[in-house]
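Me: I would like to learn how to read the features of a structure with some care, one feature at a time. Could we go through the one below together?

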Amino acid sequence: MISEWTQQADQRPEILSFEKIPTAIYGSADAASRAVAEEMAQIIRQKQSEGRPAVLGLATGSSPKKVYAELIRMHRQEGLSFRNVITFNLDEYHSLGPDALQSYHRFMREQLFDHIDIDPAKCHIPDGTLPFQEVHHFCQQYEQHINDLGGLDFQLLGIGRNGHIGFNEPGSHVNSRTRLITLDQTTRNDAATEFGGLANVPRKAITLGVRVIMQAKRGVLLAWGEHKAAIVKQAVEGPVTETLPASYLQGHPNVQFVLDESCAASLTRQKTPWLVDAVEWTPQMTKKAVTYLALTLGKPILKLTSQDYNEHGLSDLLALHGQAYDINITVFNSLQQTITGWPGGKPHADDTNRPERANPARKRVLIFSPHPDDDIISMGGTFQRLVDQGHEVHVAYQTSGNIAVADDEAYRFIEFVADFSREFGIESEEVADILLYSHHFLKNKKASEKDSDFVRRVKGLIRRGEAKATCRFVGIPPEQVHFLNMPFYETGLVQKKPLAEADYRIVAEIIDKVQPHQIYAAGDLADPHGTHKVCLDAVFEAVRRLKDEPFMQQCWVWLYKGAWDEWDIDLIEMAVPMSPDQVMRKRFGIFKHQSQKDGVVFQGSDSREFWQRAEDRNRTTAGLYNQLGLAEYEAMEAFVRWRF
């Protein structure tokens with residue numbers, strides 16, 4: 001199936017001069033997944049009509065989950081049969097049994113095979129339990145089986161942050177065969193979340209070779225989210241190199257990258273579209289171009305010259321506006337008007353050019369925090385400012401965050417309760433039993449084993465207590481602190497349940513209860529664990545359901561980023577500056593979350609603590625404003641308004 005964009009691209013060679021692989025961009029991962037699933041279904045049906053098997057290469061990871069969910073839906077609701085389908089998975093961890101929580105055998109059963117009418121004997125996945133001396137022969141047979149069937153009709157792919165496809169890590173040759181490979185450190189860091197720590201991640205895996213992937217008749221690579229944007233740009237627009245195996249796909253005759261908008265953000269046609277084709281010079285596009293030009297040249301906006309515009313593909317702007325000076329002033333003023341020390345609106349002031357309304361002077365504010373620390377990490381300065389300026393601020397913690405508490409931290413708190421009881425003569429057999437049970441469970445817990453319900457409750461209480469401490473520190477009364485405990489999160493695993501009606505209802509109820517003039521929500525699509533995105537989807541759906549309520553006519557929704565990334569400066573609509581003292585106060589608020597300090601469970605590849613990440617990000621934002629010629633601040637928090 002050729003996407004709509006691919007058809008357009010054939011008529012636009014100027015895009016192809018940047019993009020060396022056909023690339024389709026969709027508004028959401030959901031829409032993209034439906035399109036890919038439909039293409040796979042067409043292949044299956046076509047082969048059925050010919051009385052032949054459809055040979056599919058399948059991938060694991062977060063990217064293909066929605067494709068598999070759509071295939072399951074098509075099977076149940078549209079009668080799509082998989083009886084003629086033969087599958088070969090790309091890879092599997094070595095030394096991992098098929099029933100292990102992180103096993104790709106288990107992943108495929110849970111995400112697809114157990115829900116369709118495929119013959120289990122036709123589902124092939126590398127065997128991670130084989131002794132080393134048997135792996136080479138197995139890999140030869142695996143490839144030969146594919147060849148005997150005439151090759152792969154369709155290969156589904158994802159991409160790692162280091163550019164791997166399958167587990168073909170950087171350094172893999174274009175003619176590499178199916179083999180045992182040592183995993184790259186970046187790959188292992190990214191998998192550490194699933195395994196409960198880097199030490200538990202296998203060091204080796206069996207992977208289909210690049211050669212077999214390149215021989216597939218059709219290939220589709222899926223990538224979602226901002227954290228994949230940089231590597232996707234390199235693979236699509238950069239040179240072919242063994243240090244980025246996905247770039248080999250530039251030589252495939254029938255491959256396509258399928259991206260959502262956030263993942264495509266770094267592509268030339270998204271980042272600097274005026275270099276690709278004629279654009280409509282809206283105020284937003286003009287702001288995007290001018291800030292990009294200034295940052296690229298290292299100049300303040302007001303020092304850009306007509307020559308700068310002409311030499312960097314922006315002569316059309318000059319033709320529209322006459323001279324650089326007029327453009328510079330317009331964009332400079334636009335940026336300046338985003339800066340405010342009054343995130344809730346400045347009372348009794350002209351708000352014509354301010355990001356927030358002056359009235360009502362005292363607003364009801366609802367801050368949604370996906371985890372029990374995202375509020376203070378992501379917008380702690382603004383949070384404090386809203387409270388100090390007299391607004392009625394509520395915080396809604398959307399999930400318990402219990403899986404992010406280390407086992408020894410949980411045991412420490414349980415032991416404290418037991419010691420407290422003994423110290424004050426509070427005799428309780430229940431407490432003694434709890435301590436004994438916890439000690440036994442945590443001592444014998446296997447690596448990455450799911451916590452018991454009781455231990456998860458303890459960990460949830462730890463994070464709840466930390467959130468309460470932060471709110472006391474900022475100045476929020478207890479009745480304005482809400483713990484939603486959204487059900488989708490409560491699996492005890494990194495893998496969560498899909499959003500359900502109960503989740504939407506919980507979020508809608510708190511909005512209806514508070515009836516806010518402002519909502520703040522995490523718009524952080526770079527969150528590598530995905531919880532922020534799911535929580536944002538729940539907020540969006542709840543707002544849509546309530547949008548016709550009278551109080552919602554006065555409600556504005558502001559989106560903040562998390563600890564990983566910041567809004568592009570041309571998108572920022574409200575920037576709240578912080579003084580050095582305010583930065584320190586925010587740091588102390590983050591310190592209230594003791595379970596998330598000094599080596600957290602889900603550290604990822606960034607060794608900085610959350611307070612360090614937040615401060616670096618906020619200082620970088622302030623630095624960009626200063627670099628563009630605006631006032632110099634210690635730090636800034638940034639927001640984008642969602643106009644529902």
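Me: Which residues form a nonpolar patch on the surface, and about how much accessible area do they have together?

Reply: In soluble globular proteins, nonpolar side chains tend to be buried together. Here Phe416, Val417, Phe420, Phe424 and Ile426 form a nonpolar patch on the surface, with about 510 Å² of accessible area together. Patches are made of residues with over 30% relative accessible area and no salt bridge, like charges being joined within 9 Å and nonpolar side chains (Val, Leu, Ile, Met, Phe, Trp, Tyr) within 5 Å, while accessible areas come from the Shrake-Rupley method with a 1.4 Å probe, only the protein chains shown counting as cover for residues. One of these residues, Phe420, lies in helix α16 (residues 407–423); helices (H or I, at least four residues) and strands (E, at least two) are DSSP runs, numbered from the N terminus. Phe420 counts as partly exposed because its relative accessibility is 38%, where buried means under 20% relative accessible area, exposed over 50%, and partly exposed in between (1.4 Å probe, protein chains only).

Me: What should I know about the model and its pLDDT before reading further?

Reply: This is a predicted model, in which local features need pLDDT of at least 70 and side-chain atom pairs count only at pLDDT 80 or more, whereas totals for chains, interfaces and linings use all residues. Residues are numbered from 1 along each chain as its sequence is written, and side-chain values use heavy atoms, with hydrogens and water left out. The predictor's confidence in each residue is its pLDDT, from 0 to 100; the mean for the protein chain is 92, and 95% of its residues reach 70 or more. Over residues 1–16, however, pLDDT stays under 50, and for that stretch the model has 23 contacts beyond four places in sequence, a contact meaning heavy atoms within 4.5 Å.

Me: How many residues does the largest nonpolar core have, and which have the most contacts inside it?

Reply: A nonpolar core is a set of buried Ala, Val, Leu, Ile, Met, Phe, Trp, Tyr and Cys residues joined through side-chain atoms within 4.5 Å. The largest one has 61 residues, and those with the most contacts inside it are Tyr309, Phe368, Val507, Ile511 and Tyr625. Helix α20 (residues 531–546) gives the most to this core, with eight residues. A second, separate core of 39 residues includes Ile21, Ala59, Leu90 and Ile206. Returning to Ile511, its contacts, not counting residues up to four places away in sequence, include Leu366, Phe368, Ala542, Val543 and Leu546.

Me: How many salt bridges does a search of the whole structure find?

Reply: Side chains of opposite charge can pair when their charged atoms come close. A salt bridge is a side-chain nitrogen of Lys or Arg within 4 Å of a carboxyl oxygen of Asp or Glu, and the search of the whole structure finds 41 of them. In one, between Glu19 and Arg269, the closest N and O atoms are 2.6 Å apart. Glu19 lies in the loop between α2 (13–16) and β1 (23–26) and Arg269 in helix α10 (residues 268–271), so this pair ties together parts that are 250 residues apart in sequence. Glu19 counts as buried at 2% relative accessibility, and Arg269 is buried with a relative accessible area of 12%.

Me: Which peptide bond is cis, and where is Pro360?

Reply: Most residues other than glycine have a negative phi, and most peptide bonds are trans. The bond from Asn359 to Pro360 is cis, with omega near -5°, and Pro360 is in the loop between α14 (324–336) and β11 (364–369). As for phi, Asn485 has a positive value of about 45° although it is not a glycine, and this residue is in the loop between β13 (481–483) and α19. Gln515, also not a glycine, has a positive phi of about 50° and lies in the loop between α19 and β14 (518–522).
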